[in-house]
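Student: Hi, could you help me look through this structure? I'd like to ask a few things as we go.

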Number of protein chains: 4
Amino acid sequence: MQFASDNTGPVHPAVMAALSQANDGYAAAYGADPWMDEVRAQVRETFEAPEAAVYLVATGTAANALILASLSQPWQTVFCARNAHIDEDECAAPEFFMDGAKLTLVDQSHGKMSASALQTAIAAQQSRGVHGVQRGPVSITQATESGTAYTLEELRGLTGVAREFGLPVHMDGARFANALVRLGCSPAQMTWRAGIDALSFGGTKNGLMGVEAVVLFDPEKAWEFELRRKRGAHLVSKHRYLSAQMAAYLRDGLWLDLAGKANAAADRLAGVLRTQGVSPEHAVDANMMFASWPREQHHRLHAAGAKYYLWDGSLEGADPDARLMARLVCDWSTSPDAIDSFAAHFSR
Amino acid sequence: MQFASDNTGPVHPAVMAALSQANDGYAAAYGADPWMDEVRAQVRETFEAPEAAVYLVATGTAANALILASLSQPWQTVFCARNAHIDEDECAAPEFFMDGAKLTLVDQSHGKMSASALQTAIAAQQSRGVHGVQRGPVSITQATESGTAYTLEELRGLTGVAREFGLPVHMDGARFANALVRLGCSPAQMTWRAGIDALSFGGTKNGLMGVEAVVLFDPEKAWEFELRRKRGAHLVSKHRYLSAQMAAYLRDGLWLDLAGKANAAADRLAGVLRTQGVSPEHAVDANMMFASWPREQHHRLHAAGAKYYLWDGSLEGADPDARLMARLVCDWSTSPDAIDSFAAHFSR
Amino acid sequence: MQFASDNTGPVHPAVMAALSQANDGYAAAYGADPWMDEVRAQVRETFEAPEAAVYLVATGTAANALILASLSQPWQTVFCARNAHIDEDECAAPEFFMDGAKLTLVDQSHGKMSASALQTAIAAQQSRGVHGVQRGPVSITQATESGTAYTLEELRGLTGVAREFGLPVHMDGARFANALVRLGCSPAQMTWRAGIDALSFGGTKNGLMGVEAVVLFDPEKAWEFELRRKRGAHLVSKHRYLSAQMAAYLRDGLWLDLAGKANAAADRLAGVLRTQGVSPEHAVDANMMFASWPREQHHRLHAAGAKYYLWDGSLEGADPDARLMARLVCDWSTSPDAIDSFAAHFSR
Amino acid sequence: MQFASDNTGPVHPAVMAALSQANDGYAAAYGADPWMDEVRAQVRETFEAPEAAVYLVATGTAANALILASLSQPWQTVFCARNAHIDEDECAAPEFFMDGAKLTLVDQSHGKMSASALQTAIAAQQSRGVHGVQRGPVSITQATESGTAYTLEELRGLTGVAREFGLPVHMDGARFANALVRLGCSPAQMTWRAGIDALSFGGTKNGLMGVEAVVLFDPEKAWEFELRRKRGAHLVSKHRYLSAQMAAYLRDGLWLDLAGKANAAADRLAGVLRTQGVSPEHAVDANMMFASWPREQHHRLHAAGAKYYLWDGSLEGADPDARLMARLVCDWSTSPDAIDSFAAHFSR
């Protein structure tokens with residue numbers, strides 16, 4: 001009954017096997033390994049982007065912060081949803097890597113910014129000439145922090161607003177695969193064809209050990225990115241072990257299989273809870289759901305060993321009937337048994 | 001004949017096995033895994049430092065830059081050897097993480113600063129009150145970039161100077177184990193007992209996949225360090241895979257065995273070259289040697305498949321007799337055959 | 001009919017005279033001049049704060065940004081009103097000087113944060129341990145950007161919330177004198193006795209040429225502040241010309257006279273507009289007022305030579321009856337004639 | 001007998017008069033004043049640079065740091081003389097404004113870098129690809145910190161090296177006028193015609209109250225510079241008082257007259273000391289000289305009220321015959337009497 005995070009599950013065996021296979025003899029360091037050549041080719045083919053610059057880093061925060069730094073200037077502001085990971089969960093890493101730029105928080109609903117909210121926020125910024133910060137990149141999270149996924153139309157609406165103001169667009173795709181599988185579209189459709197300029201392409205939450213790809217659809221900033229990565233201490237020396245993970249991930253569609261499994265688990269979870277009268281707070285478009293139920297029930301589940309975070313409120317509290325919101329996250333390894341067991345404890 | 005770097009060799013099988021064992025079911029993220037508890041206990045025991053704060057990061061540059069940032073202020077300068085890795089090979093990562101502090105380069109001989117050179121450099125800094133940068137940490141590399149190791153007496157000489165000025169001391173121990181094995185002393189003797197305040201404890205160059213420990217002998221800045229690590233995007237989510245490597249490394253003295261093997265390989269290499277009339281440029285105290293021979297011979301070795309870096313000069317050049325300096329690095333996996341083969345091609 | 005800003009008016013003659021008197025022979029640079037000794041003594045006496053550290057800088061943004069940097073860490077967030085100058089009008093200077101810290105915007109009404117809104121904002125921040133930014137200083141603007149002034153009780157309410165969380169409090173007093181005169185209290189009452197730790201004490205908007213004092217009621221960070229000021233390129237060499245201005249300002253209550261005149265002008269302006277049916281948007285507690293009237297009337301006033309900023313909307317626009325908000329600012333030199341003339345054009 | 005600094009003398013009366021004249025009624029803030037229009041035209045005409053972007057700031061450190069930031073990237077290094085003001089006297093302001101870039105110190109003799117020393121330093125940097133910092137701007141100080149002036153040929157030699165590597169060139173002209181008067185060339189010849197891209201054009205040390213002009217001969221970075229200036233808190237609100245100073249400075253060649261007077265005073269000082277057997281350490285090309293004499297004599301001069309800095313050593317010390325180096329600086333207001341009086345005390 002492990003629903004705390006997609007960071008707590010194991011690495012897929014095929015990825016472990018790839019690491020073992022890569023661990024043979026010598027390999028050039030710092031990304032000059034042959035597995036990286038394979039990764040570059042795979043990403044370009046997967047995204048139908050033969051010119052894209054492709055890099056690997058060990059954390060999603062690094063991917064986000066380095067990309068945003070490459071797309072912005074220190075006197076600009078980044079537009080993102082009010083619950084974006086880059087604002088709430090990265091301890092000012094984006095501001096650090098951007099050398100002091102700001103984030104402007106855009107109202108969201110179910111984790112999504114609307115095109116009109118984005119338009120309003122951008123228009124409101126920069127009426128003050130040199131006195132105010134200047135407009136910088138737009139950052140879109142797909143799937144969102146609420147477990148929802150923007151439709152292609154919604155994405156194009158947001159990027160259209162950005163383009164209107166001449167602003168580049170970043171996609172935080174820590175759960176890219178989960179959204180993609182749900183939308184059933186191609187990676188190109190959900191990125192550059194929808195107006196995305198640079199992507200944090202997540203792997204860690206979807207069965208890898210710790211690798212995220214950076215995809216710059218316009219390679220113009222490639223060398224700057226490499227320098228920023230090194231300056232950020234994010235250029236890994238024994239790089240083959242990052243490359244080998246990502247190569248295994250993209251080989252034979254493993255990444256899509258894993259995301260499909262995680263999404264299916266979340267669907268099953270939502271289904272069994274619905275039968276008990278619990279409605280998800282947001283559409284379950286990816287591998288997680290949010291829902292509320294009484295404190296007393298939370299106590300019972302925790303006592304039974306269920307692991308998940310409360311998104312608001314606290315287990316401590318006098319009122320046993322107070323409803324507290326839970327976040328339940330599945331990954332590729334979540335078993336139907338765990339879900340059914342959770343449901344059983346839920347109803348008891 | 002792979003002597004390019006200790007970053008190009010494979011991960012030791014015991015470490016791979018530990019990763020596989022750790023890959024079972026769920027584990028708390030971000031360092032709350034049980035392997036990290038083991039690492040913390042191991043490091044404290046190994047260093048006889050029961051209060052030390054211990055953290056893991058994925059790169060040596062991160063360890064160095066984050067420690068220096070924790071020990072300094074942005075208006076200070078760090079004192080280090082003129083050929084220090086933090087100055088030459090980290091693309092201004094220390095300056096970035098220190099929010100713009102400086103490095104003051106101290107003259108070195110065979111990679112080592114003398115106490116008097118350090119004293120002179122520190123004294124010269126800060127005669128200008130608020131106009132000049134203020135004195136900051138001293139950073140010592142052990143083993144040095146020249147493959148030499150400071151004796152305990154030399155270390156105490158340097159830290160004595162630092163203490164005289166009230167400055168904290170960092171040790172860049174990317175090749176800590178190699179120096180330790182050579183000195184035959186205890187980890188405590190080579191660190192806090194010799195006046196070191198914080199250590200970058202290398203693992204990657206010595207058989208790990210990509211982990212360095214940060215050891216803060218004074219835990220006062222522990223929480224600050226954690227925030228800096230997160231802000232630097234260096235807090236790894238699936239942290240168990242870092243912990244498991246480091247736990248395996250410290251278990252049963254594996255780290256010392258591996259360093260011993262690498263040092264022995266360097267000794268053998270120096271020995272066979274000496275028999276051919278080539279003298280090392282510096283004492284071979286760790287796992288690498290520097291030596292010069294004619295360009296023509298470099299051409300022959302490269303043609304035969306030998307891999308190593310030229311430390312000055314270039315293979316291109318008209319004069320076949322010009323002597324060019326090579327850096328030859330061994331790791332735990334360097335075979336006697338590779339060395340003998342190198343020697344054979346050398347003499348041909 | 002100059003109501004654009006309190007930055008557009010002339011320097012008071014007594015200040016010009018003081019500059020001339022200071023321009024005699026030699027004087028030590030960088031703040032070691034005798035006028036600075038006088039300023040230090042004056043500020044300490046004025047604020048009944050014999051231990052306070054006192055510094056001068058040339059811009060209000062420098063005063064704010066340097067103080068906030070001294071009170072914060074780069075992984076923290078500053079709490080301020082949603083319309084604070086530090087957020088809207090300083091082009092990310094605070095973020096720059098704080099090495100990448102954030103601002104958290106607190107809802108305001110008539111320019112003022114309520115204690116409960118501040119409490120909510122602080123409580124909401126930092127539920128995420130190392131993943132979120134940490135709580136940093138509270139910054140209060142007095143008088144506010146809306147031309148209102150917090151009462152002493154309101155100030156104590158805000159600082160009480162800050163103290164509850166252990167956070168230091170900065171006051172942006174670009175229009176400190178205007179608020180003080182209106183409240184009729186002592187400088188100590190409106191600052192350290194109300195829980196303020198550090199003050200940007202404005203002079204430029206109130207008749208000086210370009211000087212703001214920094215007052216650190218707790219001198220612990222004094223040396224750090226001096227280093228930050230120098231590193232920010234804000235240590236003026238011919239410092240006597242800053243000192244002489246500030247000394248003249250504080251001598252014989254000139255600063256209070258000037259603020260009193262500016263406030264009286266704003267009162268008169270509000271009065272004559274009220275007679276024409278125009279109500280101020282916010283209480284006129286300092287030297288400026290905000291009010292709305294039809295676009296057509298704005299056109300007429302501009303054509304007649306009135307200078308002021310539109311706070312929302314634009315003169316261009318089809319609808320002549322649309323109401324647009326104006327900001328009208330007075331300074332010590334605003335004449336009754338200018339106000340009456342404005343009123344006359346208004347009614348025409 | 002005031003020879004401590006050109007920061008300790010008074011403002012020229014014509015400049016004070018200009019300030020008074022500018023202090024009349026209202027003027028637009030932030031550089032939109034008519035005096036700034038005059039300054040812009042004057043600078044462009046003076047430098048025969050009709051396209052140049054021209055800005056004013058209050059300190060020389062701000063001019064240097066902002067220009068260098070505009071010409072560099074945070075992963076680059078600036079090449080400058082080992083005794084440059086930007087390294088020794090600005091408390092890491094350049095590194096701060098450059099967001100963490102480095103300075104590489106080039107050997108100098110009498111304050112001057114040679115073209116070959118610069119060439120060597122630049123060539124040595126960046127043999128390490130992404131691992132080392134990248135080559136950035138060259139910064140030349142004219143007149144130098146040693147009181148010497150580069151000849152036009154020397155300047156062209158340095159800028160030729162920079163151009164060879166594709167690097168932009170900054171001139172720190174805190175004492176620009178002094179060097180120019182000595183060389184007897186045109187401002188254009190000593191700047192853009194000699195390969196200078198951007199100039200810190202000093203005024204403060206030469207009779208102004210506190211203004212330096214920034215001249216960007218290539219206006220491409222003009223808007224970026226404006227944003228950096230604001231973000232650095234260096235955009236002055238009542239800007240007319242900066243503009244009026246600089247306008248008076250450039251009007252009718254006042255700036256050249258003042259520099260000529262200061263240089264002549266230094267010449268006279270050098271002359272009278274030479275007659276007493278004291279030789280300047282460096283050529284006296286500008287308004288200051290360096291020379292050594294016994295500690296006992298320093299004591300006598302200090303006792304008589306002479307003010308100057310010791311450049312090495314300390315008045316305290318046992319040996320009365322030890323020779324200590326003095327720096328003696330003149331400005332426009334240094335009187336022949338003061339010099340003769342100094343000489344008289346010297347010989348006593």
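Student: How many residues does the contact take from chain D and from chain C?

Tutor: Bearing in mind that this is a predicted model, the contact takes 38 residues from chain D and 38 residues from chain C.

Student: Which elements of chain D give two or more residues to the side that touches chain C?

Tutor: On chain D, those elements are α1 (13-22), α3 (60-71), α5 (93-97) and α10 (222-231).

Student: And what's that side like by class?

Tutor: The side of chain D that touches chain C has 19 nonpolar and 15 polar residues, together with four charged ones.

Student: Switching to chain B, at what angle do the axes of α3 and α10 cross?

Tutor: In chain B, the axes of helix α3 (residues 60-71) and helix α10 (residues 222-231) cross at roughly 135 degrees and come within 10 Å. The two helices, α3(B) and α10(B), are therefore oblique to each other, and α3(B) passes α10(B) in a right-handed crossing.

Student: Which residues make that contact?

Tutor: From α3(B) come B:Leu66, B:Ala69 and B:Ser70, while α10(B) brings B:Glu224, B:Phe225, B:Arg228 and B:Arg229. Sorted by class, this contact of α3(B) with α10(B) has three nonpolar, one polar and three charged residues.

Student: New topic: which residues have the most contacts inside the largest nonpolar core?

Tutor: That core has 476 residues, and those with the most contacts inside it are A:Val215, B:Val215, C:Val215 and D:Val215.

Student: What is D:Val215 in contact with, leaving aside neighbours within four places in sequence?

Tutor: With those neighbours set aside, D:Val215 is in contact with D:Val43, D:Phe47, D:Ala52 and D:Val54, and also with D:Ala198, D:Leu199 and D:Phe201.

Conventions: Residues are numbered from 1 along each chain as its sequence is written. Chains are lettered from A and ligands numbered from 1 in the order in which they are written. This is a predicted model: local features need pLDDT of at least 70, side-chain atom pairs count only at pLDDT 80 or more; totals for chains, interfaces and linings use all residues. Two residues are in contact if their C-beta atoms, placed from the backbone, lie within 7 Å. Helices (H or I, at least four residues) and strands (E, at least two) are DSSP runs, numbered from the N terminus. Ala, Val, Leu, Ile, Met, Phe, Trp, Tyr, Cys and Pro count as nonpolar, Asp, Glu, Lys and Arg as charged, and the others, Gly among them, as polar. Axes are lines fitted to C-alpha atoms, for helices over the stretch in contact, and angles run from 0 to 180 degrees between N-to-C directions. Angles under 35 degrees count as roughly parallel, over 145 as roughly antiparallel, 65 to 115 as roughly perpendicular and the rest as oblique. A crossing is left-handed if the near helix is turned anticlockwise from the far one by less than a right angle, and right-handed if clockwise. A nonpolar core is a set of buried Ala, Val, Leu, Ile, Met, Phe, Trp, Tyr and Cys residues joined through C-beta atoms within 7 Å. A residue is buried if 20 or more other C-beta atoms lie within 10 Å of its own, exposed if 12 or fewer, and partly exposed in between; C-beta atoms are placed from the backbone.
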